[in-house]
Amino acid sequence: VCRKLGYEPSKGDNCLMYQWMPNGRLTMTVNYVDDYLFIGDRDNVKTKTDEFKAEWECDDVGNLQDCKE
């Protein structure tokens with residue numbers, strides 16, 4: 001699905017994919033099993049997560065939070 005959305009796999013790790021957006025900014029996604037983390041400019045991340053959700057039924061659990069005990 002990520003390739004369909006325009007992402008390219010990194011040469012170092014297939015779980016890391018990247019895409020240069022039309023505004024010249026880099027957007028990345030990291031996946032582990034069925035979890036995806038989108039990284040980049042807020043507007044670009046919103047665009048890419050909306051495209052991803054249009055392809056897959058999934059939950060957006062919001063921004064990444066630091067785990068502090």
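Gln-19 is found in strand β2, residues 16-20; helices (H or I, at least four residues) and strands (E, at least two) are DSSP runs, numbered from the N terminus. The model is predicted, so local features need pLDDT of at least 70 and side-chain atom pairs count only at pLDDT 80 or more, while totals for chains, interfaces and linings use all residues. Residues are numbered from 1 along each chain as its sequence is written, and side-chain values use heavy atoms, with hydrogens and water left out.

**Gln-19**
- Gln-19 is buried, with a relative accessible area of 15%; buried means under 20%, exposed over 50% and partly exposed in between (1.4 Å probe, protein chains only).
- Its side chain makes a polar contact of 2.9 Å with that of Lys-48. Such a contact is a pair of N or O atoms within 3.5 Å; within protein, one must be able to donate a hydrogen and the other to accept it, and residues adjacent in sequence count only if both atoms are side-chain atoms.
- Beyond four places away in sequence, Gln-19 touches residues including Leu-5, Tyr-7, Arg-25 and Lys-48, where contact means heavy atoms within 4.5 Å.

**Helix α1**
- The buried residues of α1 are Asn-44, Val-45, Lys-48, Thr-49 and Phe-52.
- They lie on the same side of α1 because they cover an arc of only 125° around the axis, taken from the directions from the helix axis to the C-beta atoms.
- These buried residues pack against β2, β3 (26-32) and β4 (35-39).
- Exposed residues Arg-42, Asp-43 and Ala-54 sit on the face of α1 turned away from its buried side.
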